Every structure is written in C-alpha cells, then in structure tokens.
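Visitor: Hi, I have a structure to look at and I would like to go through it with someone. Could you put it up so that I can ask about it as we go?

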Amino acid sequence: MQKVKLSMKNIINRLVILVTTLFSLIFLNNVSFAADATVEMLNKQGKESMVYSQKIVRINVGDKVFWKAASKGHNVAFIKDGVPEGIEKFKSKYNKDVEFKFDVPGIYAYWCTPHKSMGMIGFVVVGDNKSNLDAIKAIRYTGKSKKLAPDLINSL
Ligand SMILES: [Cu+2]
C-alpha cells in the first residue's frame, strides 16, 4: 500500500515537473518577441463584447499577424492615417480569417468596420517603433472606442 502511494506520488511529481517545464517554455516564448501573433475576432471575451482577443500586439519587422474569425460579423480595417507612411489601405472581408505581413516598422491602428464605435479596436507595434505616435493620437475614435483608446495608446 505504502509503495503504491509512493509511486503515485512519483508519477504526479514527474507530471508536475513536465507541465511546469512546458508552461515556462510557452511563457518564455511569448515574452521574448514571438515570431508571429494570432488575434481572435470575438463577440464576447469576459465582460467585453465585440472585441479583439488582444488589443495590442508587438512583433518584429517582417512578422505576420493572423486574425482568426472566431465569431462572425467582424473584420480588420487599417485606420486612415493610423499606419506608417506608404502603407496601403487594408480592409478584410467579414467572417474571414486574414493575415498581414508587417514589413514597415511603426504603429498600425485598426478597427472592425461595423464595431469601430463599440470598442473593437486594436494596435500592432512593429519593431518597437513608435515614430508615428502623434498620428495615432490624432485618430478620431467615437463611442466606446473613444473611452478605450487613450489608455491603450498610452501603453503602446
Ligand atoms: Cu466586429
């Protein structure tokens, strides 16, 4: 009986070590610059509705962001004057997964076209470059997004 208990304890201990190792590997990967990032478009996350799963994403130059259409009725649209100079207009289709490769450093502000005044806004910071921060601050948000934007922009 005692022996069985001990070996069970052993197995559990080994499992704990394994899980902890896996967790720290995943965690460390996220803390250092992730190669790519995934953002989910959601109807609900916690107490928030109409929301991107991550409001701020930091990536390296040349990295891709993947937006997953986890809920229906959303898209990703770069905000006019909310992206580095020379970046073309970008607007994805509703209900579709979409990916964008960020080759120019700077801040990219985007929103969901039908929910842009409901707080469905997001930012991508590429190459830790905030040279267009003034332009980002000048974006005219409306509704709930107007309340959310200042804190987000301050934490870019
Ligand atoms: Cu939306």
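Visitor: Let's start with Lys80 and Asp81: are they buried or exposed?
Guide: Lys80 is exposed, and Asp81 is exposed as well; please keep in mind throughout that this is a predicted model.

Visitor: And what do their side chains do?
Guide: The side chains of Lys80 and Asp81 meet in a salt bridge, with 3.6 Å from N to O. As a general point, side chains of opposite charge can pair when their charged atoms come close.

Visitor: How many salt bridges are there in the whole structure?
Guide: A search of the whole structure finds four. One of them joins Asp103 to Lys101, whose closest N and O atoms are 2.8 Å apart. Asp103 counts as partly exposed, because its relative accessibility is 45%, and Lys101 is also partly exposed, with a relative accessible area of 41%.

Visitor: What about Glu48, which residue does its side chain meet?
Guide: Glu48 meets Lys55 in a salt bridge of 2.7 Å, taken from N to O. Glu48 is partly exposed at 24% relative accessible area, whereas Lys55, at 16% relative accessibility, counts as buried, since buried means under 20%.

Visitor: Where does Glu48 sit among the strands?
Guide: Glu48 is in β2, where it stands opposite Gln45. Strand β2, residues 48-52, runs antiparallel to β1, and four bridges join the two. Their hairpin has two residues between the strands, and Gly46 takes a positive phi near 60 degrees there.

Visitor: Which other strand pairs with β1, and in what sense?
Guide: Strand β1, which covers residues 37-45, also pairs with β4, in the parallel sense and over four bridges. Val39 has Trp67 of β4 as its bridge partner.

Visitor: Can you give me another pair?
Guide: Phe78 and Phe100 form an edge-to-face pair, with 4.9 Å centre to centre and 70 degrees between the planes. Phe78 lies in strand β5 and Phe100 in strand β6, so this pair ties together parts that are 22 residues apart in sequence. Phe78 counts as buried at 9% relative accessibility, and Phe100 is buried too, at 17%.

Visitor: Which residues form the aromatic cluster?
Guide: One aromatic cluster is formed by Tyr52, Trp67, Phe78, Phe90, Phe100, Phe102, Tyr108 and Tyr110.

Visitor: Last topic, the metal: what coordinates the copper ion?
Guide: The copper ion is coordinated by His74 through ND1, Cys112 through SG, His115 through ND1 and Met120 through SD, at 2.0 to 2.6 Å. His74 lies in the loop between β4 and β5 and Cys112 in the loop between β7 and β8, so this pair ties together parts that are 38 residues apart in sequence. His74 and Cys112 are both buried.

Visitor: Why is the arrangement around the copper ion called tetrahedral?
Guide: The four donor atoms subtend angles of 89 to 131 degrees around the copper ion, which makes the arrangement tetrahedral, because all angles have to lie between 85 and 135 degrees for that name. For comparison, the ideal angle for four tetrahedral donors at a metal is 109.5 degrees.

Terms used. Residues are numbered from 1 along each chain as its sequence is written. This is a predicted model: local features need pLDDT of at least 70, side-chain atom pairs count only at pLDDT 80 or more; totals for chains, interfaces and linings use all residues. Side-chain values use heavy atoms; hydrogens and water are left out. Donors are N, O and S atoms within 2.8 Å of the metal (3.2 Å for Na, K and Ca); water is not among the atoms, so sites may look incomplete. Four donors count as tetrahedral if all angles lie between 85 and 135 degrees; four count as square planar and six as octahedral if opposite donors are over 155 degrees apart and all others between 65 and 115; anything else is irregular. Buried means under 20% relative accessible area, exposed over 50%, partly exposed in between (1.4 Å probe, protein chains only). Two strands pair if DSSP finds at least two bridges between them. Rings of Phe, Tyr and Trp (its six-membered ring) pair if their centres lie within 6.5 Å; planes under 30 degrees apart count as stacked, over 60 as edge-to-face and the rest as tilted.
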